[in-house]
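Student: Could you walk me through how to read a structure like this one, feature by feature? I would like the general idea and then the case at hand.

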Amino acid sequence: MKKAFLFFLFTFFTLSSLTAQEWQKDMDAAKALAKKTDRPIVLVFQGSDWCAPCIKLDREIFQSDQFRLYASDHFVMLQADFPRKKKNALSPEMTAHNNALAERYNKRGIFPLVVVMDYEGKVLGETGYSSASPSSYILEIDSFTK
């Protein structure tokens, strides 16, 4: 019984790690990783604690097993969060970093905004929230890189 439980735990944590894409928080780190892995950057502007479409996009697409598994091998995911609640406040440095990203890539202040770019920061395409399946969303993002 103990061996079966340990096997289950090992299997669960191994599978969990296979499907988890890593979210970058720093643009320079994302660019370096994108160049190294030859993958596009998917920059997501979100208001994680106030923007209903942002929360839905995260829950329905980014947290889906299908998207996470695909993204882990095909995208460099970069998050620029703009929380409003005091308990979720970012550090002053992270706030300044995200504001600089918004100044360059989200001048219209759209939330959510998903910007697909190459490792140099050249924009390849933009999208936002839509009631789509994870596979449809993947196809849309991939279409910007072709």
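This is a predicted model: local features need pLDDT of at least 70, side-chain atom pairs count only at pLDDT 80 or more; totals for chains, interfaces and linings use all residues.

Student: Let's start with charged side chains: which residue meets Arg68 in a salt bridge?

Tutor: A salt bridge is a side-chain nitrogen of Lys or Arg within 4 Å of a carboxyl oxygen of Asp or Glu. Here the partner of Arg68 is Asp65, with 3.6 Å from N to O. Residues are numbered from 1 along each chain as its sequence is written, and side-chain values use heavy atoms, with hydrogens and water left out.

Student: Where do Arg68 and Asp65 lie?

Tutor: Helices (H or I, at least four residues) and strands (E, at least two) are DSSP runs, numbered from the N terminus. Both residues belong to helix H4 (residues 65-74), three residues apart, or about one turn of the helix.

Student: Are they buried or exposed?

Tutor: Buried means under 20% relative accessible area, exposed over 50%, and partly exposed in between (1.4 Å probe, protein chains only). Arg68 is partly exposed because its relative accessible area is 24%, and Asp65 has 52%, so Asp65 is exposed.

Student: How many salt bridges does the structure hold?

Tutor: Two. The other one joins the side chains of Arg108 and Glu126, at 3.1 Å from N to O. That pair links distant parts of the chain, 18 residues apart: Arg108 sits in the loop between H5 and strand E4 (113-117), and Glu126 in strand E5 (residues 123-127). Arg108 is exposed because its relative accessible area is 60%, whereas Glu126, at 35%, counts as partly exposed.

Student: Now the sheet. In what order do the strands come?

Tutor: Two strands pair if DSSP finds at least two bridges between them. In this model five strands make an open sheet, ordered E1-E3-E2-E4-E5, with mixed pairing. Strand E1 (23-24) and E5 are the edge strands, each pairing on one side only. E4 and E5 run antiparallel and are joined by four bridges; Glu126 in E5 is the bridge partner of Val115.

Student: What are the neighbours of E2 like?

Tutor: E2 runs parallel to E3, with six bridges between them, and Phe45 stands opposite Ala80 in E3. With E4 the pairing is antiparallel, over five bridges, and Val44 stands opposite Val114.

Student: Why is strand E2 described as largely enclosed by the rest of the structure?

Tutor: Because six of the six residues of E2 (residues 41-46) are buried. Ile41, Leu43 and Phe45 point one way from the strand, while Val42, Val44 and Gln46 point the other way. Take Gln46: its relative accessibility is 6%, so it counts as buried. Contact means heavy atoms within 4.5 Å. Leaving aside neighbours within four places in sequence, Gln46 is in contact with Cys54, Gln79, Ala80, Asp81, Phe82 and Phe111.

Student: Which residues have the most contacts inside the largest nonpolar core?

Tutor: A nonpolar core is a set of buried Ala, Val, Leu, Ile, Met, Phe, Trp, Tyr and Cys residues joined through side-chain atoms within 4.5 Å. The largest one here has 16 residues, and those with the most contacts inside it are Ile41, Leu43, Phe45, Leu101, Tyr105, Val115 and Met117. Helix H2 (27-37), E2, E3, H5 and E4 each supply at least two of its residues. A second, separate core has 15 residues, including Val44, Ile61, Phe67 and Phe75.

Student: Last topic: how much space lies in the largest pocket?

Tutor: On a 1 Å grid over the protein atoms alone, a pocket is an open set of points where a 1.4 Å probe fits, with protein on both sides within 12 Å along at least five of seven lines; lining residues have an atom within 4 Å of a point. Grid points are joined across faces, edges and corners, and a volume is the space filled by probe spheres set on the points. For the largest pocket this gives about 160 Å³. It is lined by 12 residues, and the closest to its centre are Glu22, Leu33, Arg39, Ser72 and Phe75. H2, H4 and E3 are the elements that give two or more residues to that lining.
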